[in-house]
Amino acid sequence: MTANLMKNEVVAARGIKVAFGAVKALDGIDLVIHAGECVGLVGHNGAGKSTIVNVINGGLSPQEGVVSYGGETSGHGIATARANGVRCVFQELSLCPNLTVNENVRIMHPDLKGWNWRSRALELVKKQLQDIFPGHGIDCDSTVDDLSIAERQMVEIAISFAGFGAPPKLVILDEPTSSLDAGLAAQMMAYIRRFVADGGAVLLISHILGEILSTADRIVVMKDGRVVADRLALELNTRSLVEAMGNVVREQEYLRSGAARSGSPVLSMAPRRGRGLAFEAYRGEIVGLAGLGGHGQTEALLDLYLSRNSNWWPARRDELAFVAGDRSLNGTFPLWSILKNLSIASLQDLSSRTFIDNPRENRLGLGWKNRIEIRTPDLENRILSLSGGNQQKVLFARALATTARTVLMDDPMRGVDVGTKQEVYEILRSEAASGRTFIWYSTEMDEIRLCDRVYVFREGGIVAELAGDEVTEKNVLAASFSAGEAA
Amino acid sequence: MKISSGAVRLVIPAASLAVLLAAVFYMQPRAMSYTGLNLLFNLAVPIALATVAQMLIMAVNDLDLSMGTFVSFCACVTATFLQASPATGILIFLGAIAAYAAIGVIIYVRELPAIVVTLGMSFVWGGLAVLILPSPGGAAPGWARWLMTSKPPFVPMAIVASVVIALATHFLIMRSSFGVLIRGVGGNVRSVERAGWSIVKVRAAAYALAGLFAMLSGIALVGLTTSADANIALRYTLLSIAGVILGGGEFVGGKVSPIGAVIGALTLALAGSFLSFMRISPDWQIGAQGAILIVVLAMRLFLNRLEKREKSR
């Protein structure tokens, strides 16, 4: 019995632990996928879905634990995974946009050697596209650049399912229907069922729960780098799935500033793309932007910023301050000292007759160093000498040191340890109490629960507004996962 | 029939070459002859080879600022070692190509900016060239001289060579698996890596091939000029980059066109002659050449915009 099971195993990951610095992405996870089944994988952002996918496809080596392909634990890496028939369709498009469709087939299938590979590649992808999406109408001779986003996704899916020589054993689909319309998504799901019936295995990740429930045989729910549920799809429904994703035990109560709504909104925005709800923020409020990552929250923040500030010529007095999410990309000046990184946004206030007043700059730096406890012996040290969490504190201080009354935050606490987070939450509370407004995009539920009011985003628009005691993990999850079929 | 974006990219370079050529013929009808065409274009052959070399580097999203000095170095080796003792000359060339491959690998593995590394290498190649040939001189190997001055029937050598270069590189870069891989690395490194290819090998091969074409450029140059000098090809760095861009290539994204690159090189060579025929004093020629470049590139941007607007509709 055991031997038989081992034989049917396509991929087994056992006891996998992966940590990025202080953040535990995977905390001892077991995931076994057998031939002839479709496993659905769900979980909120940061649950570790992408990390486990990367471990299975060989792109990431776990610090602990074993990955075995077909029952054998020989080697790990992209080449091993591919040799064992593991294919992956990633969330972001991973075709070469400058190449034609058949050239992309050549890249994805290194075995397609020899003369005349072009026509063989063309035949392969045409047949596969016809199989999955009958009547697709894609010109396989064109460059990927010239295709629409849905067409690109269809091509990528077809290339991954196409077998040259041996068909793939396991296809990992990370949000495969995110840019397909309902009809194409249904074709896709029907194909998955046929593929699985022929003995293939599929790992399906999707935020559309209806899709997962109707297609998968077994559903694995992840939370905080662990598997919290692993059950047959028949035993689950939308509600129980949302409950499994949430954390019912750890529902803490936070002190909310209550009825802070007074006067006219300091910031407002019409419904995005002409649907959903409008956005409003009042003085002294902490407004959360929730929902799954990449559903238009960052774009909304940028639009809010640009509504008060020209794209061409920065305003002389900033009403808004922005705390960037990706520290290294658009947050820190890596070659500068901590002090310079902190004071850059308030140089206008620190200078007299266009010269920077050094003593005042130092006073400002010291004040903030003590207030938010930046752990450094000297503010003249390079910013990169600080830990990630402390760098993030400096970026907070940069925004708070300005005279701006409203602070926009683009998921700034990514990869910050818990202690630092608590300290920053304290500061946010006291600043909000003194009349500042915070608009906070966060992918972490604990932070969303700190907010007075929360807008939940889905597919670029606001789908729900939760206020006060309605701000619970369950409500946010229910709003950010569409219950129905493909949207 | 739908026209592919690759074909659209070739329209502007081809059209600008045709316009320039028509203008030259109009001003100087005697250029419309076997000798005339050969004179107009023969210095374009080494430029075309250097442009193809630069294009290979740009196909993997890098930029080679040592192209000019490397071609000069190759020219010096051709005029001295390759002419006097061919075996030593070939060995030096093999070493130089290996060095190019190594540079490609180092840039990738150490995540260095290609511009900085190749700028540094430009001083190395320049210094080596001066060591080999401290003062202008040397002699062309007989076969190189014969090749560059041969007179095929009906069509002058310069045109034949350009067409051969364009077709050979088109086959290599646009049609072969190897070319697909190089352009794939420029387009999306991660997806190529995820498919199980070795990026190090692809980049090393791309750089080595670029070194080979730059070497051919140096040999062709000496074949035409019969002697070399350590500074003979310094202009080639910028000419080759301009040629790639003129020919419809782009700085990033693996979007290159070998036929376009050769046409771009011919256009640049012709622009010089055109300005001489216009009797513009040499003092103004460089500026005027820049103006031609700006006009052509502005046209391309305009076309790109039109295309984008069409697509978003």
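1. B:Glu111 sits in the loop of chain B that runs between helix H5 (86–109) and helix H6 (114–132), and its phi is positive, at about 55°, although the residue is not a glycine.

2. Please keep in mind that this is a predicted model. The scores are ipTM 0.87 and pTM 0.78, and for chain B the average pLDDT is 90, with 97% of the residues scoring at least 70.

3. The phi of A:Asp411, which is not a glycine, is positive at about 45°. This residue belongs to the loop between strand E16 (406–410) and helix H16 (418–433) of chain A, and it counts as buried because 21 C-beta neighbours lie inside 10 Å.

4. Which residues touch the most other members of the largest nonpolar core? They are A:Leu204 and B:Leu56, in a core of 237 residues. Helix H11 (residues 199–225) of chain B supplies the largest share of this core, namely 14 residues, while domain 1 (2–245) and domain 2 (267–480) of chain A each contribute at least three residues.

5. When neighbours within four places in sequence are left aside, the contacts of B:Leu56 are B:Ile182, B:Ala206, B:Leu209, B:Ala210 and B:Phe213. Helix H11 of chain B also holds B:Leu216, which counts as buried because it has 21 C-beta neighbours inside 10 Å. Between B:Leu216 and B:Ala14 there are 202 residues of separation in sequence and 24 Å in space, taken C-alpha to C-alpha.

6. Within chain B, helix H3 (residues 44–59) packs with helix H8 (residues 157–175) at an angle of about 10°, the axes being 9 Å apart. The two helices are therefore roughly parallel, H3(B) to H8(B). From H3(B), the residues B:Ala44, B:Val45, B:Ala48, B:Leu49 and B:Val52 take part, and they meet B:Ala158, B:Ala161, B:Ser162, B:Ile165 and B:Thr169 in H8(B).

7. Finally, the division of chain A gives domain 1 (2–245) and domain 2 (267–480). The centres of these two domains of chain A, taken over C-alpha atoms, are separated by 36 Å.

Technical notes: Residues are numbered from 1 along each chain as its sequence is written. Chains are lettered from A and ligands numbered from 1 in the order in which they are written. This is a predicted model: local features need pLDDT of at least 70, side-chain atom pairs count only at pLDDT 80 or more; totals for chains, interfaces and linings use all residues. A nonpolar core is a set of buried Ala, Val, Leu, Ile, Met, Phe, Trp, Tyr and Cys residues joined through C-beta atoms within 7 Å. A residue is buried if 20 or more other C-beta atoms lie within 10 Å of its own, exposed if 12 or fewer, and partly exposed in between; C-beta atoms are placed from the backbone. Helices (H or I, at least four residues) and strands (E, at least two) are DSSP runs, numbered from the N terminus. Domain bounds come from an automatic or database domain assignment. Two residues are in contact if their C-beta atoms, placed from the backbone, lie within 7 Å. pLDDT is the predictor's confidence in each residue, from 0 to 100. Axes are lines fitted to C-alpha atoms, for helices over the stretch in contact, and angles run from 0 to 180 degrees between N-to-C directions. Angles under 35 degrees count as roughly parallel, over 145 as roughly antiparallel, 65 to 115 as roughly perpendicular and the rest as oblique.
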